[in-house]
Every structure is written in structure tokens, then in C-alpha cells.
Amino acid sequence: MAVPSRAVTTVRLRPEGLADVAPIRRLVAQAFASPETRRPPEVQLVEALRDSDAWLPELSMVAEVDGELVGYALLSRVLVQPGAIPALALGPVAVRPDRQRRGYGRDVVQAALDAAAELDERLVLVLGNPAYYRRFGFEPAARFKLTSPWSGLGDPWQALVLPSTDGAVEPVPSGEVIFPAPWSQV
Ligand SMILES: CC(C)(COP(=O)(O)OP(=O)(O)OC[C@H]1O[C@@H](n2cnc3c(N)ncnc32)[C@H](O)[C@@H]1OP(=O)(O)O)[C@@H](O)C(=O)NCCC(=O)NCCS
């Protein structure tokens with residue numbers, strides 16, 4: 001099967017700006033659209049997180065091609081208990097349906113993870129298809145003794161330990177990952 005080409009396009013990866021709010025809403029709605037719902041819960045998740053303490057503006061990452069948003073990846077704050085140790089949740093991740101399978105998902109997720117590592121973040125959690133997230137280095141979170149309301153789903157509950165910028169080797173936190181209220185809607 002032919003692979004869609006992006007050979008002549010340049011993707012720009014950057015944190016969201018004020019003008020991106022409405023385009024992100026549209027992009028997430030398109031990517032998660034289904035016959036059952038006109039407004040997928042992931043749209044409301046992004047809006048509610050943006051209004052919450054969990055929001056980290058530099059980790060709301062967009063992929064832009066020719067001035068149009070084609071991809072989106074969000075990292076936001078979660079806490080590992082005991083100790084209220086800060087970690088990040090990845091999601092939603094969305095690529096415009098007509099631009100999928102051209103590597104934009106990979107690029108925008110990797111850009112968000114790289115930005116998080118630069119900010120000395122240590123741990124990222126995701127609930128998603130292991131076949132997709134494995135390529136970024138995610139592993140089953142159970143290996144790190146990390147639990148959440150989604151642990152029972154097994155392998156889709158995944159964790160990634162980010163490389164440290166100064167080479168320091170710190171222990172990976174284990175425990176219960178507490179997601180802020182907006183996540184209870186998805
Ligand atoms: C999932 C998504 C973000 C991937 O973005 P993308 O730009 O299409 O993906 P990339 O081009 O970077 O990667 C393509 C690879 O991912 C795989 N892939 C794409 N979507 C996948 C999915 N939902 N599950 C598993 N693998 C997937 C493709 O098979 C392809 O694999 P290959 O490289 O081995 O051929 C995009 O398809 C999307 O927005 N989907 C709808 C929303 C969604 O499901 N988001 C993820 C929630 S966990």
C-alpha cells in the first residue's frame with residue numbers, strides 16, 4: 001500500500017499560542033469524531049485542563065504545516081501518591097484525519113516529550129494503544145508499580161521515564177497516580 005507523502009512539507013512544532021485555542025478544539029473534535037457523539041469528550045478534556053492547575057502551557061504542543069494545525073499532543077500535571085510527586089499525563093493526542101499516517105503524530109508527541117525532558121520532568125503516563133506508544137519508549141506502567149483507575153485495563157496503562165538532562169539517575173516514583181477532575185469525564 002502506498003504511504004502518503006510529506007516529502008515537500010516542513011512541520012513546525014511549538015507550544016500552543018492564544019490563536020491556537022479554537023483550531024485545537026476543531027482538530028481534536030475531528031480526530032475523535034464518531035457516529036455516537038458530535039462533541040467527543042476529549043474536546044472538553046482539553047478545555048477543562050486548560051482552566052485547571054494541571055495546565056502547563058509550554059507542554060501543549062502543536063504541529064503546524066503551511067500555517068495550519070495538523071497535530072496536537074498535550075502533557076498535563078498528575079501527582080503520584082504517596083508524596084504528591086509531580087508527573088505528567090499524555091493526552092489527548094490528535095492528528096487531523098486527512099493528515100494521519102505521515103509521521104505528524106510521532107513528531108508532535110516526541111516534541112512534547114522532549115520539551116518535558118528539558119523542563120526536568122521525570123515521568124509520563126499514558127492510557128492508549130501500546131502498539132502506538134511503544135515507539136516512544138512507553139512500557140506497561142505495572143512494571144514501575146504505578147496504579148490508576150485504569151490499571152485494570154492492563155498494557156494500555158503505560159509509563160515512560162524521561163532522560164535526565166544532567167545525567168543524574170533518580171529513582172522512578174511508584175504508587176497511585178492521581179488524575180485531576182477533568183479526567184473523570186473521559
Ligand atoms: C493516533 C494518531 C494520533 C496517530 O497519528 P499519526 O500521525 O496518524 O501517526 P504517525 O504517522 O506518527 O504514525 C503512524 C503509525 O502509527 C500507527 N497508528 C496510527 N494510529 C494508531 C492507533 N490508533 N493505534 C495503533 N497504531 C496506530 C500506524 O499504524 C503507523 O504505524 P507504522 O509506523 O508501524 O506503519 C492519529 O491517528 C489520530 O489522531 N487518531 C485519532 C485520535 C486517537 O485515537 N488518538 C490517540 C488516542 S490514544
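A residue counts as buried if 20 or more other C-beta atoms lie within 10 Å of its own, as exposed if 12 or fewer do, and as partly exposed in between. Keep that cut-off at hand, and remember that the model you are looking at is predicted.

**Exercise 1. Find Asp120 and decide: is Asp120 buried or exposed?**

Step 1. Look in the loop between α3 and β5, where Asp120 has its place.
Step 2. Count the neighbours: Asp120 has 11 C-beta neighbours inside 10 Å, so it counts as exposed.
Step 3. Now check the backbone. Asp120 has a positive phi of about 65° although it is not a glycine. Most residues other than glycine have a negative phi.

**Exercise 2. Which residues of helix α2 are buried?**

Step 1. They are Glu42, Val43, Leu45, Val46 and Leu49.
Step 2. Their arc around the axis is only 160°, so they lie on the same side of α2.
Step 3. Among the elements that cover these buried residues of α2 are α1, β3 and β4.

**Exercise 3. How many residues does the largest nonpolar core have?**

Step 1. The core has 50 residues.
Step 2. Those with the most contacts inside the core are Tyr72, Ala73, Leu88, Val108, Ala112, Val124 and Leu125.
Step 3. Several elements give two or more residues to this core, including α1, α2, β5 and β8.
Step 4. Zoom in on Tyr72. Leaving out residues up to four places away in sequence, Tyr72 touches Ile24, Leu27, Val28, Val62, Ala94 and Val108.

**Exercise 4. Trace the pairing of β2: how many bridges join β1 to β2?**

Step 1. Strand β1, residues 11–15, runs antiparallel to β2, and 5 bridges join them. One example is Leu13, whose bridge partner in β2 is Ala63.
Step 2. β2 also pairs with β3, in the antiparallel sense, over 6 bridges. Here Glu64 has Leu69 in β3 as its bridge partner.
Step 3. The hairpin of β2 and β3 has 2 residues between the strands, and Asp66 in this hairpin takes a positive phi near 50°.

**Exercise 5. Which residue does a cis peptide bond join to Pro82, and which to Pro92?**

Step 1. Most peptide bonds are trans.
Step 2. Pro82 is joined to Gln81 by a cis bond with omega of about 5°. Pro82 is in the loop between β3 and β4.
Step 3. Pro92 is joined to Gly91 by a cis bond, with omega of about -5°. Pro92 lies in strand β4.

**Exercise 6. Which residues come nearest to the ligand?**

Step 1. Of the 16 residues around the ligand, Gln100, Gly105, Arg106, Gly128 and Tyr132 come nearest.
Step 2. The elements giving two or more residues to this shell are β4, α3 and α4.
Step 3. Sorted by class, the shell has 8 nonpolar, 5 polar and 3 charged residues.

Methods: Residues are numbered from 1 along each chain as its sequence is written. This is a predicted model: local features need pLDDT of at least 70, side-chain atom pairs count only at pLDDT 80 or more; totals for chains, interfaces and linings use all residues. A residue is near a molecule or strand if its C-beta atom, placed from the backbone, lies within 6 Å of it. Helices (H or I, at least four residues) and strands (E, at least two) are DSSP runs, numbered from the N terminus. Ala, Val, Leu, Ile, Met, Phe, Trp, Tyr, Cys and Pro count as nonpolar, Asp, Glu, Lys and Arg as charged, and the others, Gly among them, as polar. A nonpolar core is a set of buried Ala, Val, Leu, Ile, Met, Phe, Trp, Tyr and Cys residues joined through C-beta atoms within 7 Å. Two residues are in contact if their C-beta atoms, placed from the backbone, lie within 7 Å. The arc is that of the directions from the helix axis to the C-beta atoms. Two strands pair if DSSP finds at least two bridges between them.
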